[in-house]
Amino acid sequence: MSDAAQALSRLLDIMARLRDPVSGCPWDRAQDFASIAPYAIEEAYEVEDTIARQDWAALPDELGDLLLQVVYHARMGEEAGLFDFATVAGMIGDKMVRRHPHVFGDAALAPGQWEDGKEQERLARRERGTLAGIPTALPALLRAGKLSARAARVGFDWPEAKDVAEKVDEEIAELKVELDSGDRERIADELGDVLFTLATLARKLDLDPEACLRQANAKFTRRFTGVEQHLAERGTTPADSTLADMEAAWQAVKRQERKA
């Protein structure tokens, strides 16, 4: 048995022990699919964050945390008589072979092959409609990009990125009109349109809207921390400063970044 197989077998045994109805961990025994699902999402984001920081020493540990979530769900599935880890591993193996006929068969690589394969799988599951199968639990910005991309596959799309940028301007203009109305429901609706169109623009530019926003979050965090440091050098804090003071500090931080 290979080192990888031995390590996986050990992990499966550990999970079985943790879930043992008599001698297992009370917390682990009490969990179910619904209670554990949020942890899988959290661990996936931690993997992504580790990669973004290029912390390669920490990545195996984070990947292990994510793998544990798969093992956890598989164990609960086995206990319920629904499926086991072998089912999970076998199904994803079969899917990868099926979606790569140019590697595991004699077919030539064709444009759109991956999406075409996914479409056939959706039809086999009797999921009808262009937008079927896009999880509603995805982060809203990520789901917006996927909805837009799926619609684009059947021709419902703008020709160029600049056309989408013009649509962004149009949606912002509509938002400004609603801001004057004070109607929160209509404001929320128009703001949603702006965000959805921005996600579409990111797709047309071949950019990940989530990654773009994470980059903006990191930039804001870095600059606002710089503002706090800038004000601290003058013996004050943001709470004790005027907006003009903070804006001046913000511009100073931006100038320092440009010089760096």
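Colleague: In which loop is Asp 206 found?

Modeller: Please bear in mind that this is a predicted model. Helix 10 covers residues 184-204 and helix 11 covers residues 209-232. Asp 206 is found in the loop between helix 10 and helix 11.

Colleague: What is the phi of Asp 206, and is the residue buried or exposed?

Modeller: Asp 206 is not a glycine, although its phi is positive, at about 60°. The cut-off for an exposed residue is a relative accessible area over 50%. Asp 206 has a relative accessible area of 71%, so it counts as exposed.

Colleague: Where is Gln 54 found, and what is its phi?

Modeller: Helix 3 spans 33-52 and helix 4 spans 59-79, and Gln 54 is found in the loop between them. With 54% relative accessibility, Gln 54 counts as exposed. Gln 54 is a residue other than glycine with a positive phi, a value near 55°.

Colleague: What does the C-alpha trace span along the principal axes, and what percentage of the residues is buried?

Modeller: Along the principal axes of the protein, the C-alpha trace spans about 65 × 50 × 40 Å. A residue is called buried when its relative accessible area is under 20%. Among the 260 residues of the protein, the buried share is 23%.

Colleague: Is Met 76 buried or exposed, and which residues does it touch?

Modeller: Met 76 has its place in helix 4. Its relative accessibility is 4%, so Met 76 counts as buried. Not counting residues up to four places away in sequence, Met 76 touches Arg 19, Gln 31, Asp 32, Phe 33 and Ile 36.

Colleague: Is Pro 60 buried or exposed?

Modeller: Pro 60 lies in helix 4. Its relative accessible area is 54%, and the cut-off for an exposed residue is over 50%. Pro 60 is therefore exposed.

Colleague: Which residues is Glu 178 in contact with, leaving aside its neighbours within four places in sequence?

Modeller: Glu 178 is found in helix 9, which covers residues 161-181. At 10% relative accessibility, Glu 178 counts as buried. With those neighbours left aside, the contacts of Glu 178 are Asp 183, Arg 186, Ile 187 and Glu 190.

Colleague: Which residues does UniProt list for a domain, and how far apart are the end C-alpha atoms?

Modeller: According to an unreviewed UniProt entry, residues 31-104 are listed for "domain: NTP pyrophosphohydrolase MazG-like". Over residues 31-104 the chain is 81% helix and 0% strand. The end C-alpha atoms of this stretch are separated by 39 Å.

Colleague: How far apart are the mean positions of the positive and negative charges?

Modeller: The protein has 34 positive and 48 negative charges.

Definitions and conventions:
Residues are numbered from 1 along each chain as its sequence is written. This is a predicted model: local features need pLDDT of at least 70, side-chain atom pairs count only at pLDDT 80 or more; totals for chains, interfaces and linings use all residues. Side-chain values use heavy atoms; hydrogens and water are left out. Buried means under 20% relative accessible area, exposed over 50%, partly exposed in between (1.4 Å probe, protein chains only). Lys and Arg count as positive and Asp and Glu as negative; His and the chain ends are not counted. The place of a charge is taken as NZ of Lys, CZ of Arg, CG of Asp or CD of Glu. UniProt positions are given in the numbering used here, feature names are shortened, and annotations may be inferred rather than shown by experiment. Helices (H or I, at least four residues) and strands (E, at least two) are DSSP runs, numbered from the N terminus. Contact means heavy atoms within 4.5 Å.
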